[in-house]
Amino acid sequence: TGVAFATEDVIAPAKIAFDGIVKFKKMTVKAACVEGKIYSTDEAKVLASIPSREVLVAQLLGMLTMPIRGLAIALDQIANKKA
């Protein structure tokens with residue numbers, strides 16, 4: 001039985017454990033405890049599939065800038081059409 005701890009990224013140990021399962025096929029995850037809550041193996045697998053904070057922030061920024069980018073492209077096409 002092994003235990004993994006993290007101080008900053010609380011999901012990192014679950015990601016590392018499930019990556020190890022895929023790579024080595026020699027271990028299993030019995031449960032996970034994140035911020036005092038116990039998760040089953042299936043729930044831990046879902047936690048491990050959550051993207052990192054940096055990826056989530058990048059996705060959010062991409063979604064927020066998409067309407068502005070679309071407007072800029074449309075305005076540019078209108079300006080080129082008139083010219």
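**Packing and exposure in a predicted model**

Biologist: Which strand holds V34?

Modeller: V34 lies in strand 1; strands are DSSP runs of E with at least two residues, helices are runs of H or I with at least four, and both are numbered from the N terminus. This is a predicted model, in which local features need pLDDT of at least 70, side-chain atom pairs count only at pLDDT 80 or more, and totals for chains, interfaces and linings use all residues. Residues are numbered from 1 along each chain as its sequence is written, and side-chain values use heavy atoms, with hydrogens and water left out.

Biologist: Is V34 buried or exposed?

Modeller: V34 counts as buried because its relative accessibility is 14%. Buried means under 20% relative accessible area, exposed means over 50%, and partly exposed is in between, with a 1.4 Å probe and protein chains only.

Biologist: And what is V34 in contact with?

Modeller: Leaving aside neighbours within four places in sequence, V34 is in contact with V10, Y39 and L47; contact means heavy atoms within 4.5 Å.

Biologist: Which residues make up the largest nonpolar core?

Modeller: That core has 10 residues in all: I11, A14, F18, V29, A32, V34, Y39, A44, L47 and A48. A nonpolar core is a set of buried Ala, Val, Leu, Ile, Met, Phe, Trp, Tyr and Cys residues joined through side-chain atoms within 4.5 Å. At least two residues of this core come from each of helix 1, strand 1 and helix 2, and helix 2 gives the most, with 3 residues.

Biologist: Which residues of helix 2 are buried, then?

Modeller: In helix 2, residues 41-48, the buried residues are A44, L47 and A48. They lie on the same side of helix 2, because they cover an arc of only 100 degrees around the axis; the arc is that of the directions from the helix axis to the C-beta atoms. The face turned away from this buried side carries the exposed residues D42 and V46.

Biologist: What do those buried residues of helix 2 pack against?

Modeller: They pack against helix 1 (12-24), strand 1 (32-34) and strand 2 (37-39). A48 is one of the buried residues of helix 2; leaving aside its neighbours within four places in sequence, A48 is in contact with I11, A14, K15 and F18.

Biologist: Turning to helix 1, which residues are buried there?

Modeller: The buried residues of helix 1 are P13, A14, F18 and G20. Their arc around the axis is only 150 degrees, so they are on the same side of helix 1. These buried residues pack against helix 2. On the other side of helix 1, I16, D19, V22 and K23 are exposed.

Biologist: How many Å should helix 1 span?

Modeller: With 13 residues at 1.5 Å a residue, helix 1 should span 18 Å, and its end C-alpha atoms are 18 Å apart, which agrees. The expected span is 1.5 Å times one less than the number of residues.

Biologist: How many of the 83 residues, in percent, count as buried?

Modeller: Of the 83 residues, 14% count as buried.

Biologist: Finally, where is T65 found?

Modeller: T65 is found in helix 3, residues 53-82. T65 is partly exposed, with a relative accessible area of 45%. The C-alpha atoms of T65 and Q77, which are 12 residues apart along the chain, are separated by 18 Å.
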